[in-house]
Amino acid sequence: MSDQVRTAGQTTTPDGHSDLSGEPPEPLVGYYRQMALIRAFELRAAEMYTKAKIGGYCHLNLGEEATVVGLMAALCPTDYLFATYREHGYALARGVPAERVMAELFGKATGTSGGWGGSMHLFDADLRLLGGYGIVGGQIPLATGAALAISYRAEPGERAEAVMCLIGDGATNIGAFHESLNLAAIWHLPIVYVIVNNGLGMGTPVSASSAEPELYRRGCAYRMPGTRVDGNDVLAVRDAAAGALDRARSERRPSILEAVCYRLRGHSVVDPARYRTKEETDRLRSLDPLPQFRSQLITAGILDGEEASRIDTDAEQAVSAAVAFAEDSPFPGQDQLFARTYATPVPNTSTSLPGEPLDCGPDQSDRTG
Ligand SMILES: Cc1ncc(C[n+]2csc(CCOP(=O)(O)OP(=O)(O)O)c2C)c(N)n1
Ligand SMILES: [Mg+2]
């Protein structure tokens, strides 16, 4: 196998976690804060869904918090992020206020997409969060195009812009994934394809859908470096992502980063996940990154139990405020819908009767191909 493929080598403690010693404490507490906020947000989103406050589809990051926060910690404000439909946590960790995320889930005018996008289509151009895509893998060619635009506009360098494109394990089997990787490799694009491998595409395990289940190796055909990292370890994820982003910025070399994580619940809020045994569910709960990181911080003397509980309470209060904001916000008005839909005049085609040739522009019949 190519020497381009390696697994991330962090300094770890005997129990397999990244070593916290030598890390400044403030950012670590910040990571815990973000993880706690995402956890509280997602639990409340599930509750609000069952109360019919949220319509359409709704996919949660429960269990994936360390991956989410580690990735966002590596991203600079000038970088662009393209996400999947499982993106609430990414929006929060990128800095979108919880109020605006919850309002979008509620379909309210104060949401990130004016209430028109819902859970799967969070978008914030100022924060360079360019979606939120409901079509599996729909973001991959767009993210690749954004990286192409960057490579046209500016020179590589330590402070250059880069793109991070999140991809579910299931999406690595679509054609556009391979087409995009090929182009990114031959055009030397500043992009990191992050495969968020939560082990399942809906109810189908990776081993049943991918002929190469070690997904970080999927770039080999394009001579693209790949790294696999423990997605339950926020620091390991951060450091691996920072390395890949560096390569994108300074060398204009694309790469794959596979973060192995787990979702604690079903595919979406309405999926009871019956395809999982109780033993498997219990095993995943024992790997839950939130209590793990919490106890790591306490063991390292960075937080005491009381401080950690205060952070959890703060997170819940922030989410309550977000729900209240979403409740109080208006739905986008019908007038807005019509203003948007008919902003561009619809051409009058009534003169083209059935059977009459349509005017398709200049005659191109002499053109071949
Ligand atoms: C083009 C397309 N095909 C099918 C679907 C239905 N669908 C939604 S999510 C999903 C599974 C994707 O799994 P994965 O990429 O692993 O992401 P995860 O949900 O695990 O985050 C499928 C098949 C879709 N939304 N779009
Ligand atoms: Mg998956």
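1. The largest nonpolar core has 93 residues; such a core is a set of buried Ala, Val, Leu, Ile, Met, Phe, Trp, Tyr and Cys residues joined through C-beta atoms within 7 Å. Val163, Cys165, Ile167, Ile191, Val192 and Val194 have the most contacts inside it. Helix 1 (residues 25-50) gives this core its largest share, 11 residues. Here a residue is buried if 20 or more other C-beta atoms lie within 10 Å of its own, exposed if 12 or fewer, and partly exposed in between, with C-beta atoms placed from the backbone. Helices (H or I, at least four residues) and strands (E, at least two) are DSSP runs, numbered from the N terminus.

2. A word on what you are looking at: this is a predicted model, where local features need pLDDT of at least 70 and side-chain atom pairs count only at pLDDT 80 or more, while totals for chains, interfaces and linings use all residues. Residues are numbered from 1 along each chain as its sequence is written, and chains are lettered from A and ligands numbered from 1 in the order in which they are written.

3. Have a look at valine 192. Beyond its neighbours within four places in sequence, its contacts (C-beta atoms, placed from the backbone, within 7 Å) include Ala162, Met164, Ala241, Leu245 and Leu257.

4. Helix 10 (residues 289-299) has Pro289, Phe293, Arg294, Gln296 and Leu297 buried. These buried residues line one face of the helix, because they fall within an arc of 160° seen down its axis, the arc being that of the directions from the helix axis to the C-beta atoms. Their cover includes helix 1, helix 2 (65-74), helix 8 (234-251) and helix 11 (305-328). Glycine 301, with a positive phi near 75°, follows helix 10.

5. Glutamate 26, in helix 1, counts as exposed because it has 9 C-beta neighbours inside 10 Å. Its C-alpha atom is separated by 8.7 Å from that of isoleucine 302, 276 residues apart along the chain.

6. Some backbone points are worth a check, since most residues other than glycine have a negative phi, and most peptide bonds are trans. In the loop between helix 4 (98-105) and helix 5 (139-153) you will find glycine 132, and the peptide bond to it from glycine 131 is cis, with omega near 10°. Arginine 128 is in the loop between helix 4 and helix 5 and has a positive phi of about 60°. Arginine 252 lies in the loop between helix 8 and strand 8 (255-260), with phi near 55°; this arginine 252 is buried, with 21 other C-beta atoms within 10 Å.

Definitions and conventions. Contact = placed C-beta atoms within 7 Å.
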